[in-house]
Number of protein chains: 2
Amino acid sequence: MAKAKTAISPTRAEDYPEWYQQVIKAADMAENSPVRGCMVIKPWGYTLWENIQHVLDQMFKDTGHVNAYFPLFIPKSYLEKEAAHVEGFAKECAVVTHSRLVDDGNGGLKPDSPLEEPLIVRPTSETIIGEMYAKWVQSYRDLPILINQWANVVRWEMRTRLFLRTAEFLWQEGHTVHATAEEAMEETRKMLAVYADFAENYMAMPVICGEKTPGERFPGADHTFSIEAMMQDRKALQAGTSHFLGQNFSKASGIKFQSEAGNEEFAWTTSWGVSTRLIGGLIMTHADDDGLVLPPRLAPSHVVILPVMHKPETAAAVLEYCESLKKELQAQCFAGRRVEVEIDKRDMRGGEKRWSWVKKGVPLIVEAGPRDIENNAVFVARRDTGEKVGLPRAEFVATVAERLQGIQDDMLARAQAHRAENTQTIDTLEDFKAYFTPQNAERPEIHGGFAIAHWGGDAEDEDRLAKEMKVTIRNIPLEGQFGYDGEPGTCIYTGKPSTQRVIFAKSY
Amino acid sequence: MAKAKTAISPTRAEDYPEWYQQVIKAADMAENSPVRGCMVIKPWGYTLWENIQHVLDQMFKDTGHVNAYFPLFIPKSYLEKEAAHVEGFAKECAVVTHSRLVDDGNGGLKPDSPLEEPLIVRPTSETIIGEMYAKWVQSYRDLPILINQWANVVRWEMRTRLFLRTAEFLWQEGHTVHATAEEAMEETRKMLAVYADFAENYMAMPVICGEKTPGERFPGADHTFSIEAMMQDRKALQAGTSHFLGQNFSKASGIKFQSEAGNEEFAWTTSWGVSTRLIGGLIMTHADDDGLVLPPRLAPSHVVILPVMHKPETAAAVLEYCESLKKELQAQCFAGRRVEVEIDKRDMRGGEKRWSWVKKGVPLIVEAGPRDIENNAVFVARRDTGEKVGLPRAEFVATVAERLQGIQDDMLARAQAHRAENTQTIDTLEDFKAYFTPQNAERPEIHGGFAIAHWGGDAEDEDRLAKEMKVTIRNIPLEGQFGYDGEPGTCIYTGKPSTQRVIFAKSY
């Protein structure tokens with residue numbers, strides 16, 4: 001049946017940015033708080049973050065990392081130690097200057113007891129963690145240090161958007177120390193691969209692993225690598241980064257060790273992080289005009305059962321049928337977790353109830369009523385495709401894990417197809433400009449997508465390009481990645497020689 | 001064999017406060033950071049916190065709660081809304097006043113871009129969460145709200161001590177909203193019982209559930225309940241609190257709802273929390289003069305295997321024996337988790353290696369060498385009692401879960417016995433004073449312990465008692481609790497009539 005109306009208004013085609021906000025609202029995932037730029041993550045959004053944390057945390061542990069916790073505050077003097085780092089973070093940070101509030105004489109309070117040294121609420125923790133590592137590392141025997149932290153961080157962003165860019169956000173930050181540059185680079189690349197594995201196999205969000213250009217590096221890094229995903233509006237989202245910090249922070253913090261040969265050397269460090277921004281990426285990869293669509297491997301609930309209880313005389317039997325179905329389903333295992341099932345017993349109209357779960361993106365919606373009991377059957381709808389099917393109950397239970405994996409696979413395949421359809425190899429500046437120029441002035445967001453083209457410019461050229469066309473280099477794909485082409489050529493923008501093609505896109 | 005020397009110096013008997021610091025250092029759990037009052041929780045300490053979180057989180061979910069996340073910052077004006085609350089928290093809080101650092105002209109940075117309204121780093125979140133709840137709650141149908149948050153909070157404490165009292169600490173804070181006072185009180189008591197269950201059955205730390213006196217209530221609460229534990233120095237530790245907030249915060253934040261009868265009413269709220277302070281309680285309940293002793297149900301590793309590899313010719317066979325033993329042990333289940341096993345292959349002296357695990361408190365330390373292989377045996381030491389025994393390997397594997405539970409039970413029993421031995425029912429002020437007066441001026445910490453005595457004073461009397469003797473009322477035990485005696489009597493301090501006995505102690 002063709003839908004007369006979508007659950008989300010406006011639709012993606014009508015107004016993509018507003019659609020995004022409305023999907024979050026309809027799924028009850030998060031909302032803006034009265035504190036400028038800070039969001040409230042509501043239970044449905046937070047459970048998704050818990051599931052993301054759970055999977056990533058296991059991946060970090062499987063690669064030899066342990067968790068620890070470092071202070072929220074960074075003394076101003078620490079931030080000053082690494083020049084590029086200051087440059088990157090001083091402009092937008094929350095500064096704690098007082099440790100007390102006292103009566104202001106007008107029935108209110110005013111700050112009192114100024115601190116000797118202002119403290120910065122961590123925007124990232126390289127400097128405070130480096131200070132501790134300098135104490136902990138004496139000898140090559142103390143290396144490597146492989147620590148991760150789950151924490152909140154604050155960056156005083158001017159324009160914020162739920163999940164994608166908020167003043168306070170939740171993230172993990174890995175901080176490792178190594179005896180050699182080679183080992184640190186290996187770690188940097190390994191964690192990038194962990195992020196890509198997670199994005200593709202759990203979020204069903206294909207990503208390109210590549211190196212950022214020098215102008216786009218993390219402040220203080222020698223090399224920054226990223227995973228870049230294409231959203232449904234064909235813009236890129238940087239979804240995670242992994243930094244080879246060289247000896248910059250070990251020199252700033254004094255992380256020195258006695259090598260096996262007996263020399264005193266500065267250590268090599270890395271850092272890597274993903275944040276609640278991933279949730280924004282997940283929404284913009286999979287949600288549709290009816291709301292959120294959750295990849296089964298991260299869904300808080302896999303199946304919601306809606307008991308059809310119009311008739312009082314059959315209501316008890318229906319509920320019993322649903323409860324026993326729930327038990328059978330929960331005895332099944334999917335992707336290392338129990339199949340999570342919810343029965344929605346709320347007293348509300350069937351249509352309204354059904355739509356509430358469509359908007360929340362639960363992978364499988366099951367309806368069961370008196371007729372289903374008679375036939376020992378269930379009526380199952382797939383959230384991602386809308387496909388509906390009546391099935392013998394036993395068959396559904398036996399195949400639920402397989403069905404969930406099928407949805408997961410199809411979601412990834414659709415996202416891959418979307419990226420492939422909206423990516424083009426381009427060799428002339430004319431084609432490049434046409435590709436990124438919106439066809440319709442009223443819909444400036446509609447443009448080509450990803451361009452795979454040669455680049456030989458420097459940071460200034462990149463800035464000019466960004467100003468001129470709002471297009472940036474997302475990354476330089478690593479060998480074997482989507483869009484990788486290691487053949488030399490000519491820079492599309494500057495005409496200089498280029499050693500390989502890079503990914504260009506508009507971005508979040 | 002009598003130990004010539006203990007691993008921790010000083011011992012508990014020599015200097016209890018310093019012993020506590022040294023246990024933490026020897027187990028490598030945490031250390032002070034260069035940021036005033038903020039600690040770094042190192043991996044061994046953090047994993048313990050993760051295990052605490054994991055168990056409590058499941059308990060919260062089993063009682064119908066969900067997690068969410070609210071902003072780190074609280075606008076100054078929100079804190080001003082509840083009078084008692086301001087009084088309690090304004091005196092020691094981190095105040096954010098600027099959003100930027102700029103060049104100070106001397107090669108350093110200075111705060112810039114003052115905020116219109118200062119922000120407080122949350123010391124607790126009643127006011128900011130209340131603000132959101134006021135939006136979310138319209139009708140009785142929206143109630144109850146049962147939300148928990150895992151977060152960091154900051155209180156600018158003057159004197160800090162690792163885990164027990166730090167400027168920043170990690171905790172969970174439950175915040176619930178109800179339609180009736182009865183339901184809110186039921187929630188308050190239910191969560192107190194959850195904390196007691198956790199303390200006794202996971203931490204092996206017996207606690208007394210009771211109500212705080214009016215002077216000791218949470219700022220803004222109508223009733224505050226606590227769990228109180230006795231440490232090895234006989235002082236009390238308040239290990240968790242649950243607050244019935246009445247309508248105080250719903251009036252301050254405007255949490256109103258339309259009742260089933262159609263009237264507009266203020267809601268009833270509760271809040272409840274435990275923090276990383278629990279780790280301090282765990283240490284002071286169980287650690288001994290050789291270091292940490294972990295209750296098996298929370299231990300990061302249950303068993304550590306030390307391969308005896310003096311002889312190069314048998315080293316490979318020993319390692320193989322240990323690896324296969326590890327696999328067999330990990331196939332066992334204890335308290336809902338896999339039995340966690342570590343093999344310590346580090347190249348260091350056997351004694352030093354063994355002591356490192358004793359100091360970390362792992363419940364079972366297994367040594368296996370060439371002779372054990374011959375006999376298909378293992379040599380097992382219990383950390384808590386020091387008891388050592390040679391066992392057939394298969395027997396050890398088959399009984400490991402039972403042995404761990406045995407340790408858990410014995411630890412709780414010992415802590416209960418310690419509390420029983422150091423608690424006294426007292427009826428005269430003379431006995432009371434003698435009980436709390438140290439026998440030895442050089443060891444002011446040595447005193448009686450808990451006193452169960454009648455109290456009929458007010459908040460001022462309590463203050464006087466605290467100043468005079470450093471003794472406070474820990475709580476008024478609930479019916480059925482250790483120390484409960486609901487018979488009326490005469491106040492030991494004021495001579496006024498008393499309705500029941502309360503728990504007096506010196507405390508952390």
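Contact here means heavy atoms within 4.5 Å. This is a predicted model, in which local features need pLDDT of at least 70, side-chain atom pairs count only at pLDDT 80 or more, and totals for chains, interfaces and linings use all residues. Residues are numbered from 1 along each chain as its sequence is written, and chains are lettered from A.

Reader: How many residues of chain A and of chain B does the contact take?
Author: Both chains contribute to the contact. Chain B gives 61 residues, and chain A gives 61 residues.

Reader: What area is buried between chain A and chain B?
Author: Buried area is the accessible area (1.4 Å probe) that two parts lose on being put together, summed over both. Carbon and sulfur atoms give 68% of the area between chain A and chain B, which is about 5,000 Å².

Reader: Which residues in chain A lose the most area to chain B?
Author: Together they account for 13% of what the chain A side buries. They are Tyr69(A), Leu101(A) and Leu109(A).

Reader: Which side chain of chain B does Lys61(A) meet in a salt bridge?
Author: A salt bridge is a side-chain nitrogen of Lys or Arg within 4 Å of a carboxyl oxygen of Asp or Glu. The count between chain A and chain B is two. In one of them, at 3.3 Å from N to O, Lys61(A) meets Glu50(B).

Reader: Which residue in E5(B) stands opposite His98(A)?
Author: Strands are DSSP runs (E, at least two residues) numbered from the N terminus, and two of them pair if DSSP finds at least two bridges between them. Strand E5 (residues 95-103) of chain A pairs with strand E5 (residues 95-103) of chain B in the antiparallel sense, over three bridges. Opposite His98(A) stands Val95(B).

Notes: Side-chain values use heavy atoms; hydrogens and water are left out. Helices (H or I, at least four residues) and strands (E, at least two) are DSSP runs, numbered from the N terminus.
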